[in-house]
2 protein chains.
Amino acid sequence: MKELTNLDRLCVHTITTKPWSIEESIEQYARAGVKGITIWRDTLENRDRRLIRKKIKDAGLEVVSICRGGFFPKATAGERERAIDDNLALIDEAAEVGAPHIVLVCGAEPTISLAQSRHQIMEGISRINSYARDKGVKLAIEPLHPMYADSRSAVNTMEQANDMWEQLNSKNIGIAVDIYHLWWDPHLQDEIKRAGAADSIMAFHTCDWKNPTTDFLLDRGLMGEGIAPIMEIRSWVEDAGFKGFIEVEIFSEYHWKKDQKIFLNEVINAYRQFA
Amino acid sequence: MKELTNLDRLCVHTITTKPWSIEESIEQYARAGVKGITIWRDTLENRDRRLIRKKIKDAGLEVVSICRGGFFPKATAGERERAIDDNLALIDEAAEVGAPHIVLVCGAEPTISLAQSRHQIMEGISRINSYARDKGVKLAIEPLHPMYADSRSAVNTMEQANDMWEQLNSKNIGIAVDIYHLWWDPHLQDEIKRAGAADSIMAFHTCDWKNPTTDFLLDRGLMGEGIAPIMEIRSWVEDAGFKGFIEVEIFSEYHWKKDQKIFLNEVINAYRQFA
């Protein structure tokens, strides 16, 4: 496994430093030597996206992705149409801000079965994919932890993402491998290999699983704070051929309470030591 | 699927009515027409277990299981020995109270890999099994939800439990299918069929997955309060040949705050309507 001796592959997701505006994230990431930035869509609200794109470029950063699209399954056809419209709008935003791919949190509708949700996800991705391709924006399916199967994603393992990817059969689609969601899975290594052989790994997200974890959404750990086999999973992803950014994505009320400059410094130290 | 027109297959786990002592649970369950009782081990503290066994029998109840053994993986050999000793002691308790099987929450040690934890689990079960068999006590491997892979169980899917069961190769061992832990798994139906073909389904636990769930341990839902496909999973288990008790196991701070007589009545209504 390659040691992370420099920050060339470090991407920080703006949700990690949620208290900062997009402008402040760009400035601080660049100053700290971070090379990639993933944009939480909400941070673009009331912004000129082309101006943000220019600011990112001028700061020497690279846009890695925009997060998040998806949420296709819905109880009614009307809601499903609105989800499609929203994803199409996001594709425009991604193109404007220069994001090469959108991370898809696929969705799960509690009032229908998981099988139905999965069917609607496949339908949704199929419907937006040609528009995305025409705009030069790729789509990354992100399998989410099974604890989110109730309302956030009916895609909960790497195997499912690989199966979907094969059915969708488009080079414009890939998979986002996220340690937080997948570390527990006994088939993870094999399914990462499978994705590698298909050249479908589009993104790699890192953070840690804290023991105990006290909140379903907002208690992710900085690398080294928890018990996930972070380096081992990175080695699997790299052995499978992935050479892209290592993206730090941490939803954490605890870390958001800190001075975010101090926290960003902790992120960088954790990246060097534990990613 | 057979409708649950009577309470002949209803078992209540004493943790469901945690505020009650074992004696009060026995009395109230019997009065309400519940037929089976699963005993949370802690409720037997400072009790004459043979007397409890007699009370249960006299009340017309059947002991379904004692909960819980396991927790085999540990950081040191000494701790692993103590875990074995504790499981052997529990086998004695199970035999004394007349429990036909022990539910195994297999354990996961945060400081070692999941693979190592699984290895230690296999070793632990192998080591206690002959003693259990000699005492007339069976062992039920319970796969736990992946959100418990950090410190509670490295066995997180029905497939893993089936694989372990095949390796252990003992008719004294079985599997406890729990809706709460397994409902999300796309392979669940197939793996339940597989277990059915091997005649290894030893127990069936029901409750519901609430959306949202607010606590990792103590926010399980009464059947009907959540979004798990409870009846469908029961139909899979029954199609696989399981004819035993339907065991209601609800860890819930919310429900424990209620008058437990009212709650037990709600459990019975939920059993008739939604299990």
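Student: Is the crossing where α5(B) passes α7(B) left-handed or right-handed?
Tutor: α5(B) passes α7(B) in a left-handed crossing; that term is for a near helix turned anticlockwise from the far one by less than a right angle, and clockwise would be right-handed. Before we go on: this is a predicted model, where local features need pLDDT of at least 70, side-chain atom pairs count only at pLDDT 80 or more, and totals for chains, interfaces and linings use all residues. Residues are numbered from 1 along each chain as its sequence is written, while chains are lettered from A and ligands numbered from 1 in the order in which they are written.

Student: What makes α5(B) roughly parallel to α7(B)?
Tutor: Helix α5 (residues 158–168) of chain B and helix α7 (residues 188–197) of chain B pack at about 25°, their axes 9 Å apart. Angles under 35 degrees count as roughly parallel, so α5(B) is roughly parallel to α7(B).

Student: Which residues in α5(B) meet α7(B)?
Tutor: B:Met158, B:Glu159 and B:Asn162 do, and their partners in α7(B) include B:Leu188 and B:Ile192. Being in contact takes C-beta atoms, placed from the backbone, within 7 Å.

Student: How do you know what relation chain A has to chain B?
Tutor: A rotation of 180° with 0.0 Å of shift along its axis superposes chain A on chain B, RMSD 0.0 Å. That is the relation of a two-fold axis. The superposition is by least squares on C-alpha atoms of residues with pLDDT of at least 70 in both copies.

Student: Why do we say the copies meet through the same surface?
Tutor: Because 100% of the interface residues of chain A are also interface residues in chain B.

Definitions and conventions:
Axes fitted to C-alpha atoms, helices over the stretch in contact; angles between N-to-C directions. Helix = DSSP H or I, 4+ residues; strand = E, 2+ residues; numbered from the N terminus. Parallel < 35°, antiparallel > 145°, perpendicular 65-115°, else oblique. Contact = placed C-beta atoms within 7 Å.
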